[in-house]
Amino acid sequence: MATKTKKNRKMRGMVSSGKGRVGKHRKHPSGRGKTGGQHHHKNLFSKKYSLFFGKKGMRLFNLNKNKYSSKVLPSIAFLNIIKYKIIQFSDSFSFFLNFISLNHFKKTKTLGVPDYRIKNLVIILKKYTRNCIISILRTKNLCFTTMY
């Protein structure tokens, strides 16, 4: 519809512009957005947004999230980085060890559920997801954690 045919064009400049004088039609009669949450909209906020105001959680001054981050390796890439080591206990007895140590790759955490086709695997990491630990132990492999 063209602007010139709208009803309000004729009413421009009039006090009530066709809306009546009693219930005044204003743009934002109770404030914009979430105003009045602690004042005239208090019962609405306590019902719908009960934790909107107030303190939440523990205060951490000078929070630096770098110490909680970890470089991630997807568990699909495990089969590409398996190392092999022969451990010799004596002349007659030696042991063949398959292991994955991600400290060399500067990775500290695995994601996803790995599909291990190799048995007797030792995985050395800093952090594991719960699904990763369950699947490692289900396939009868070992997982160790390191401090660094």
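User: Leaving aside its neighbours within four places in sequence, with which residues is L142 in contact?

Analyst: The model is a predicted one, and L142 is found in strand β6. With a relative accessibility of 46%, L142 counts as partly exposed. Once neighbours within four places in sequence are set aside, the residues in contact with L142 are L121, V122, I123 and I136.

User: How many Å apart in space are L142 and L121, C-alpha to C-alpha?

Analyst: L121 is one of the residues in contact with L142. In sequence, L142 and L121 are 21 residues apart. In space, the C-alpha to C-alpha distance between L142 and L121 is 6.3 Å.

User: How many helices and strands does the chain have, and in what order do the elements run from the N terminus on?

Analyst: The secondary structure of the chain comes to three helices and six strands. From the N terminus on, the order of the elements is α-α-β-β-β-β-β-α-β.

User: What radius of gyration does the chain have, against that of a compact globule of 148 residues?

Analyst: Along the principal axes, the C-alpha atoms fill a box of roughly 105 × 40 × 30 Å. A compact globule of 148 residues would have a radius of gyration near 15 Å, but the value for the chain is 33 Å.

User: What share of the contacts in the chain with a separation of 6 or more comes from residues 24 or more positions apart?

Analyst: A contact requires heavy atoms within 4.5 Å. Among the contacts in the chain with a separation of 6 or more, residues 24 or more positions apart account for 27%.

User: Why does the count of disulfides come to zero?

Analyst: A disulfide requires two cysteine sulfur atoms within 2.5 Å. The closest cysteine sulfur to that of C132 is in C143, too far for a bond at 7.7 Å, and for C143 the closest is in turn that of C132. The count of disulfides is therefore zero, since the sulfur of C132 is too far from the closest cysteine sulfur.

User: What is the phi of N62, and is the residue buried or exposed?

Analyst: The place of N62 is in the loop between α2 and β1. N62 counts as exposed at 77% relative accessibility. N62 is a residue other than glycine with a positive phi, near 55°.

User: What is the phi of K140?

Analyst: K140 is found in the loop between α3 (130-138) and β6 (142-145). Its relative accessibility of 71% makes K140 count as exposed. K140 is not a glycine, although its phi is positive, at about 60°.

User: How many Å apart in space are Q38 and A77, C-alpha to C-alpha?

Analyst: Q38 lies in the loop between α1 (8-11) and α2, and counts as partly exposed at 46% relative accessibility. In sequence, Q38 and A77 are 39 residues apart. Their C-alpha to C-alpha distance in space is 53 Å.

User: How many Å apart in space are P74 and L111, C-alpha to C-alpha?

Analyst: The place of P74 is in strand β1. P74 counts as partly exposed, at 44% relative accessibility. P74 and L111 are 37 residues apart in sequence, and their C-alpha to C-alpha distance in space is 5.1 Å.

Notes. Residues numbered from 1 in each chain as written. Predicted model: local features only at pLDDT ≥ 70, side-chain atom pairs only at ≥ 80, totals over all residues. Heavy atoms only, no water. Helix = DSSP H or I, 4+ residues; strand = E, 2+ residues; numbered from the N terminus. Rg over C-alpha atoms; globule rule 2.2 N^0.38 Å. Buried < 20%, exposed > 50% of the residue type's maximum accessible area, 1.4 Å probe, protein only.
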